[in-house]
Amino acid sequence: MSHEPRATAPIAGEAITALPGAAAVSFEIYPPRTSDGLPALYETIRVLAGIRPRFISVTFGAGGSTTDRSLAVLTHILRETDVPPVAHLTCVGSSYAEATGVIRTFLDAGITRFLALRGDPPAGATEDDVALGDLESAAQLVQLIDRVQAERSPYREQEIPGVPGAAEVAAGEPVEISVAAFPNGHPRSRHRFEDIDALLAKQAAGATSAITQLFFHAEEYLEFVDRARRAGVTMPILPGIMPITSPGRLRRVLELTGDPRPDDLATALDAAADNAAQRAVGIAHAAELARAVLDGGAPGIHLYAFNNHDTVLAVLRAAGLIPEETTP
Ligand code: FAD
């Protein structure tokens with residue numbers, strides 16, 4: 001978690017949609033470890049919602065470790081803001097019955113948008129370990145979410161335009177399912193085509209958009225999208241951008257993603273004199289990345305917010321996506 005200072009000024013005026021040619025922006029947050037962290041997170045949600053993002057997504061601990069806390073944050077977004085919440089869900093380690101139960105709980109709470117993930121196997125587990133559960137991939141989770149929703153809401157009545165009082169049967173309430181994509185390859189994939197194949201499998205299963213793992217250079221995203229399009233991926237692929245505001249954060253994400261060290265960013269962070277200068281490096285890098293992918297045709301940007309609004313809003317200001325004058 002970041003320890004950067006928080007803005008106190010309300011920023012209701014910072015509407016991205018107020019800018020000409022405005023880009024669609026979304027954010028990822030995570031549930032706090034205990035309920036003590038909720039008030040600060042709810043303030044961050046209030047501020048982020050003020051710029052009218054396309055959605056706010058809430059992470060989910062693989063194995064269901066955060067189910068209740070994730071749901072509390074998602075329902076807060078649903079009730080207290082106009083922003084649609086997106087629930088990350090993982091399936092690793094779950095039986096069909098367990099995964100179905102979690103999906104039902106989320107749907108019952110009014111959540112209809114999901115980011116379907118496999119999740120990382122527990123440390124030491126191998127791919128054919130029984131501890132990995134019944135669902136082998138995110139694509140299977142996509143299908144399960146669709147099926148559970150179809151069973152709950154098989155059809156609905158819809159008014160017939162121009163025929164007062166008449167109704168016809170229409171398909172049930174749809175769910176929207178996004179999936180993960182890996183511009184620099186998933187750490188477990190053996191070659192780059194495997195990541196594209198996995199994305200095609202998720203699309204075939206019913207996913208309608210993808211969000212990428214973080215990456216460091218615009219070409220990594222743009223070339224990946226190009227490869228995906230040539231292979232038949234038609235769904236929007238939203239670039240996930242993380243402001244890397246310290247050498248420590250860079251080290252942690254490299255451990256997670258297995259990506260090669262981005263020398264340019266690493267050198268700039270190392271050369272920065274103090275925390276404030278490192279933060280400025282991270283913000284400038286993320287803003288430049290955001291502009292470059294948008295210029296290259298990205299359908300929007302998805303910012304990893306680390307439960308802190310100051311940094312991601314600074315990125316949006318530096319990228320020219322929200323007005324400069326509201327800088328705290
Ligand atoms: P899958 O796509 O099912 O599999 C991962 C890899 O396995 C593929 O890239 C491919 O190499 C291989 N593979 C799978 N299926 C096939 C196939 N049919 N053909 C060929 N190869 C295949 N983790 C959490 O625990 N909680 C979160 O909230 C969370 N949020 C995330 C959000 C984003 C935007 C991203 C990018 C990742 C997130 N993760 C989260 C991490 C994610 O769970 C891990 O990266 C996990 O290892 C892979 O999940 P997946 O859904 O991509 O899996």
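The side chains of Glu-151 and Arg-104 meet in a salt bridge, with N to O at 3.9 Å; a salt bridge here is a side-chain nitrogen of Lys or Arg within 4 Å of a carboxyl oxygen of Asp or Glu. Glu-151 lies in helix α4 (residues 138–152) and Arg-104 in helix α3 (residues 96–108), so the pair ties together parts that are 47 residues apart in sequence. Helices (H or I, at least four residues) and strands (E, at least two) are DSSP runs, numbered from the N terminus. Arg-104 is partly exposed, at 39% relative accessibility; buried means under 20% relative accessible area, exposed over 50%, and partly exposed in between (1.4 Å probe, protein chains only).

This is a predicted model, in which local features need pLDDT of at least 70 and side-chain atom pairs count only at pLDDT 80 or more, while totals for chains, interfaces and linings use all residues. Residues are numbered from 1 along each chain as its sequence is written, and side-chain values use heavy atoms, with hydrogens and water left out.

The whole structure holds 9 salt bridges.

| Glu-151 | Arg-104 | 3.9 Å |

Glu-194 is partly exposed at 22% relative accessibility, whereas Arg-190 is exposed at 70%. Asp-226 and Arg-230 both belong to helix α6 (residues 218–231), where they sit 4 residues apart, about one turn of the helix. In that pair Asp-226 is partly exposed at 40% and Arg-230 is exposed at 63%. Elsewhere, salt bridges link Arg-261, Asp-263 and Asp-270 in a network.

The sheet is open and has 9 strands in the order β9-β8-β7-β4-β3-β2-β1-β11-β10, with parallel pairing; two strands pair if DSSP finds at least two bridges between them. Its edge strands, β9 (237–238) and β10 (240–241), each pair on one side only. Strand β1 (residues 25–29) pairs with strand β11 (residues 301–304) in the parallel sense over 4 bridges, and Val-25 has Ile-301 as its bridge partner in β11.

Helix α5 packs on the sheet and touches β7, β8 and β9, its direction making about 175° with that of β7. Contact means heavy atoms within 4.5 Å; axes are lines fitted to C-alpha atoms, for helices over the stretch in contact, and angles run from 0 to 180 degrees between N-to-C directions.

Strand β7 (residues 176–181) is mostly covered, with 5 of its 6 residues buried. It is joined to strand β4 (residues 113–117) by 4 bridges, in parallel, with Phe-114 partnered by Ile-177 in β7. Another 4 bridges join β7 to strand β8 (residues 209–212), also in parallel, and Ala-181 stands opposite Thr-212 in β8.

By the ring criterion there are 2 aromatic pairs: rings of Phe, Tyr and Trp (its six-membered ring) pair if their centres lie within 6.5 Å, and planes under 30 degrees apart count as stacked, over 60 as edge-to-face and the rest as tilted. Phe-60 and Phe-106 are edge-to-face, at 6.1 Å centre to centre and 70° between the planes. This pair links distant parts of the chain, with Phe-60 in the loop between β2 (55–58) and α2 (67–80) and Phe-106 in helix α3, 46 residues apart. Phe-60 is buried at 10% relative accessibility, and Phe-106 is buried at 0%. Phe-215 and Tyr-221 are stacked, at 5.6 Å and 15°.
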